[in-house]
Amino acid sequence: MKKNIETSLSHIAKFAPFEEQAGASHFPIYNTGTFDLKKQDSSGKVYDYTRSDNPTREMLENLFTEVEGGAGCVCTHTGIASVALLFETVLKANSHILVEADCYGGTFRLLKIFKEKYNVTVHFANFLEFDKMEEILKNNPIDLVLCESPTNPGLKIIDLKKVAQLSHKHEALFAVDNSLATFISQRPLELGADFSLFSTTKYISGHGAVVAGAIVAKTKELSDQIHYYANAGGKSQNPMDVYLITLGIPTLKVRMKEHQENSLKIAKFLEEQDYITKVTHPGLKSHPQYELAQEQMDYIPGVFCVDFESLELAERFIENTKIYGEKCSFGSPDSRVEIPAKISHATFSKEELAAIGIAEGTVRFSIGLENVEDLIEDIKQAVK
Ligand SMILES: Cc1ncc(COP(=O)(O)O)c(C=O)c1O
């Protein structure tokens with residue numbers, strides 16, 4: 001029987017590679033470095049060393065493989081480690097990669113490193129402009145196409161089906177960073193991508209208590225490759241952190257609904273304030289890709305950007321707020337704000353930020369699970 005995602009998320013132990021004798025609801029944390037080769041079950045898989053394979057991690061990898069609709073997964077010790085693993089798997093010295101210009105600052109920094117150390121040519125483009133993308137794909141030997149959707153921090157919605165078709169037409173692999181939407185809302189592999197990767201630090205673990213990531217491959221061949229490079233480069237997640245991630249997973253859907261509802265109420269409130277010049281939230285009708293967002297995602301995540309009338313007012317708000325922490329990251333129960341130019345995207349120049357619609361004083365909100373009226377009242381008192 002094909003199960004719906006939330007049913008799978010509520011029974012994670014069923015994804016363990018073998019059944020626990022006592023029938024515990026939570027599969028044990030196999031917190032071990034090594035396994036005795038003489039004591040392996042002759043009918044099953046052989047475990048030797050946790051960097052290569054571990055039953056606790058395998059359980060989470062099996063779950064992510066199923067809910068993303070892939071052939072295999074590697075859970076990594078951070079979200080950026082999944083991006084690095086993707087690059088190490090697909091790119092070679094002198095490779096070409098096509099990347100949406102609006103990407104996470106850590107991905108941008110990593111691309112710079114690949115460019116400087118391995119002479120990888122990085123082509124940045126606006127993935128809403130298919131003609132320009134096609135020009136680049138036609139004229140360069142692109143190995144990999146990469147984007148987020150929604151993008152962070154610009155919150156653009158990319159037509160993943162179209163980008164997958166375009167990438168494959170030119171024999172490039174296509175990877176989607178699904179950190180913002182998560183698989184409860186959007187499944188890139190079903191839309192044609194070859195990899196879906198995500199930071200589980202955020203909505204998936206959901207409590208801001210751990211840093212981790214995962215990458216799911218569409219085919220067995222690509223899955224074997226990511227496993228090979230994960231083992232070679234020591235990218236895999238430790239079992240204790242796997243356990244922490246599993247604690248948040250069953251509530252992903254209910255949390256996403258609440259993040260969506262709270263953030264939309266606040267975005268609508270802010271849109272009406274005369275000290276605000278722009279609100280960018282993919283769930284607002286004013287968003288340029290509102291319809292695509294509704295079509296491509298089941299839930300709109302609770303992250304949005306706001307331009308205050310001045311940098312001074314944005315900073316005053318952040319200084320005076322009593323509820324919103326000035327913190328990077330998103331997807332936690334506590335609401336937070338940050339100025340991307342100062343924190344998460346400090347690796348971008350002012351011009352690079354302007355090109356993706358982010359001003360010096362743009363504030364990125366990640367709305368949590370607090371009472372929404374408290375959150376609105378706090379904004380009112382903080383801007384006074
Ligand atoms: C879109 C996106 N991808 C990847 C990452 C990296 O994840 P982590 O911080 O878990 O390494 C982040 C972190 O903010 C992100 O926003």
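Helices in this account are DSSP runs of class H or I with at least four residues, and they are numbered from the N terminus. In the predicted model described here, helix α2 is followed by G69, a residue whose phi is positive, near 75°. The helix itself comprises residues 55–68, and its 14 residues reach 20 Å from the first C-alpha to the last, close to the 20 Å expected at 1.5 Å a residue. Helix α2 is mostly covered, in that eleven of its 14 residues are buried. These buried positions are P55, T56, R57, E58, M59, L60, E61, L63, F64, V67 and E68, and the elements that cover them include α1, the strands β1 (72–76), β6 (195–199) and β7 (213–217), and helix α8 (239–248).

At the level of domains, the protein is divided into domain 1, spanning residues 5–250, and domain 2, spanning residues 252–382. The centres of the two domains, taken over C-alpha atoms, are separated by 26 Å, and 29 residues of domain 1 are in contact with 35 residues of domain 2. On the side of domain 1 that touches domain 2, α1 (5–9) and α4 (105–118) each supply at least two residues, with the largest share, three residues, coming from α4. By class, this side of domain 1 is made up of 14 nonpolar, nine polar and six charged residues.

The ligand is surrounded by 14 residues, of which the closest are T78, G79, Y104, S199 and T201. Classified by residue type, the shell around the ligand contains three nonpolar, nine polar and two charged residues.

Helix α6, formed by residues 160–169, has L160, V163, A164, L166 and S167 among its residues, and each of these five is buried. They lie on the same side of α6, because the arc that they cover around the axis is only 165°. The buried residues of α6 pack against α5 (130–139), the strands β4 (142–148) and β5 (173–177), and helix α10 (290–296). Just after α6, E171 takes a positive phi of about 60°.

The buried residues of α9 are L252, R255, M256, H259, Q260, N262, S263, I266, A267 and L270. Among the elements that cover these buried residues are α1, the strands β8 (276–280) and β9 (303–308), and helix α13 (372–382).

F365 counts as buried because 24 C-beta neighbours lie inside 10 Å, where the cut-off for a buried residue is 20 or more. When residues up to four places away in sequence are not counted, F365 touches V303, F304, V306 and V337. The C-alpha atom of F365 is separated by 9.6 Å from that of E326, although the two residues are 39 residues apart along the chain.

How values were computed
Residues are numbered from 1 along each chain as its sequence is written. This is a predicted model: local features need pLDDT of at least 70, side-chain atom pairs count only at pLDDT 80 or more; totals for chains, interfaces and linings use all residues. Domain bounds come from an automatic or database domain assignment. Two residues are in contact if their C-beta atoms, placed from the backbone, lie within 7 Å. Ala, Val, Leu, Ile, Met, Phe, Trp, Tyr, Cys and Pro count as nonpolar, Asp, Glu, Lys and Arg as charged, and the others, Gly among them, as polar. A residue is near a molecule or strand if its C-beta atom, placed from the backbone, lies within 6 Å of it. A residue is buried if 20 or more other C-beta atoms lie within 10 Å of its own, exposed if 12 or fewer, and partly exposed in between; C-beta atoms are placed from the backbone. The arc is that of the directions from the helix axis to the C-beta atoms. The expected span of a helix is 1.5 Å times one less than its number of residues.
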